Amino acid sequence: MRNQGGVDVPKGVVLPLNIRFAGKGQVIDMVSLVHTEGLKAGETVTITKVSNGPWTGNISVSGEQAGEYNFTVVVDKANTIVEGNEANNILATKINFALSQSMAQYVLTKAIRSNVSLATVSAVVDYLKNAQKLDAEGFNAILKGISEGWNYRKKVTVADADKTYLNTLLAASTGVNKDRLTRLMQAWDILKKQEENDPNVQTVKIKAIREMLQFDLKTFTVKAGKTVEIVFENPDAMQHNLVIGKPKSLEKIGKAADKMITDPDGADKNYVPDVPDVLFSSFLVNPDQTIRLRFTAPAKAGLYPYVCTFPGHWRIMNGVMKVE
Ligand SMILES: [Cu+2]
């Protein structure tokens, strides 16, 4: 701010600012009573603090919607500091807030999330079809909204045409999108369940115990090199996953997982740490969801820990897979 007048503001006198940020139905008023260093005629100072009762904070505003906002600063509104031309005491300017790409995605995810909890599967399939007309980021935002908003307790019947579409979409998906789609399709009973009496596949059933941060199975044994399918059921109110690691890697994996609590992408990574000790991992299993994790048992006999890597769970939510 520059003193445009011909009068010095002496040191020790508070230079009061009234700041208004307004537009798009939003009005934010701020008062700054922090500058007491004086302001000579023609001098420029930067004032970045506002007052809030006895506290001060940074001047910071953000528009909730894209568009034009008016930013007005009135210096010495009560005119207690002598100034010949009061018009010098007002600064008005316009600020434009653009909708950023990430904000558009955020809004899209949020809108879809609140909508799908009551939507039918065929409506959700239509969302996905429309999402494919968008760019990759738009598609990701919509799939994220669906996977977060879907009510996994709901039992649904999916039309054959939709099943075909979803299977094709899944085959073309990778990474977090594949996880999200798999989770939805398992909940919709689309993904083919392996025959539980297939002699070539050993099925192991594991459940999370409600409110205990524990698996109901502390140990199981598999044959080296054989196909194993873990059916992991989560009747708990929170998410869990199941990660199998190399022998003696429990603590290393657990500590790496705990660090992911501060990773903004931790949940997208299913809280599975990116360390070579991880052999097989499921995605995060939602409450009331059952997933299947299929893998080939290690060729080497040994004790392989399995663990939930949701931060904070690993110390008790673990077990041992014995390979022989
Ligand atoms: Cu857990």
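## Basis of the description

A residue is called buried when its relative accessible area is under 20%, exposed when that value is over 50%, and partly exposed in between, with a 1.4 Å probe and protein chains only. The model is predicted, and local features need a pLDDT of at least 70, side-chain atom pairs count only at pLDDT 80 or more, while totals for chains, interfaces and linings use all residues. Residues are numbered from 1 along each chain as its sequence is written, and side-chain values use heavy atoms, with hydrogens and water left out.

Helices (H or I, at least four residues) and strands (E, at least two) are DSSP runs that are numbered from the N terminus.

## The copper site

The copper ion is coordinated by His 240 through ND1, Cys 308 through SG, His 313 through ND1 and Met 317 through SD, at 2.0 to 2.8 Å. Donors here are N, O and S atoms within 2.8 Å of the metal (3.2 Å for Na, K and Ca), and sites may look incomplete because water is not among the atoms. Along the chain, the donors of the copper ion follow the spacing H-x67-C-x4-H-x3-M. His 240 lies in the loop between strand E10 (227–234) and strand E11 (243–245), and His 313 in the loop between strand E14 (302–307) and strand E15 (318–323), so this pair ties together parts that are 73 residues apart in sequence. Both His 240 and His 313 are buried.

The angles among the four donor atoms of the copper ion run from 82 to 130°, and the site is irregular. For that assignment, four donors count as tetrahedral if all angles lie between 85 and 135 degrees; four count as square planar and six as octahedral if opposite donors are over 155 degrees apart and all others between 65 and 115; anything else is irregular. As a reference, ideal angles at a metal are 109.5 degrees for four tetrahedral donors.

The buried residues of H6 are Ile 253, Gly 254, Ala 256 and Ala 257. They cover an arc of only 165° around the axis, which puts them on the same side of H6; the arc is that of the directions from the helix axis to the C-beta atoms. Elements that cover these buried residues include E11, E12 and E14, with contact meaning heavy atoms within 4.5 Å. On the other side of H6, Lys 252 and Lys 259 are exposed.

The structure holds ten salt bridges, each defined as a side-chain nitrogen of Lys or Arg within 4 Å of a carboxyl oxygen of Asp or Glu. One of them joins the side chains of Lys 255 and Glu 251 at 2.7 Å, N to O, and these two residues, four apart in helix H6 (residues 250–259), are separated by about one helical turn. Lys 255 is partly exposed at a relative accessible area of 41%, and Glu 251 is likewise partly exposed, at 45%. Asp 277 forms a salt bridge with Lys 252, in which the closest N and O atoms are 3.2 Å apart. Asp 277 lies in the loop between H6 and strand E12 (278–281) and Lys 252 in helix H6, so the pair ties together parts that are 25 residues apart in sequence. Asp 277 is buried, with a relative accessible area of 12%, whereas Lys 252 is exposed at 51%.

## Other charged residues

Asp 263 and Lys 269 also meet in a salt bridge, at 2.7 Å from N to O, and Lys 269 is partly exposed, with a relative accessible area of 42%. Arg 113, Lys 144 and Glu 148 are linked in a network of salt bridges.

Arg 183, in helix H5 (residues 175–187), is buried yet has no salt bridge, and the nearest side chain of opposite charge, that of Asp 179, is 5.6 Å away. In this count Lys and Arg are positive and Asp and Glu negative, while His and the chain ends are not counted. Residues up to four places away in sequence aside, the contacts of Arg 183 include Tyr 152, Gln 239, Asn 270 and Phe 283.

Glu 211 has a positive phi, near 55°, in a residue other than glycine; Glu 211 lies in the loop between strand E7 (201–209) and strand E8 (214–215) and is exposed, with a relative accessible area of 65%. Leu 213, found in the loop between E7 and E8, has a positive phi of about 50° although it is not a glycine.

Gly 319 lies in strand E15 and is buried, with a relative accessible area of 6%. Gly 319 and Leu 217 are 102 residues apart in sequence and 7.1 Å apart in space, C-alpha to C-alpha.
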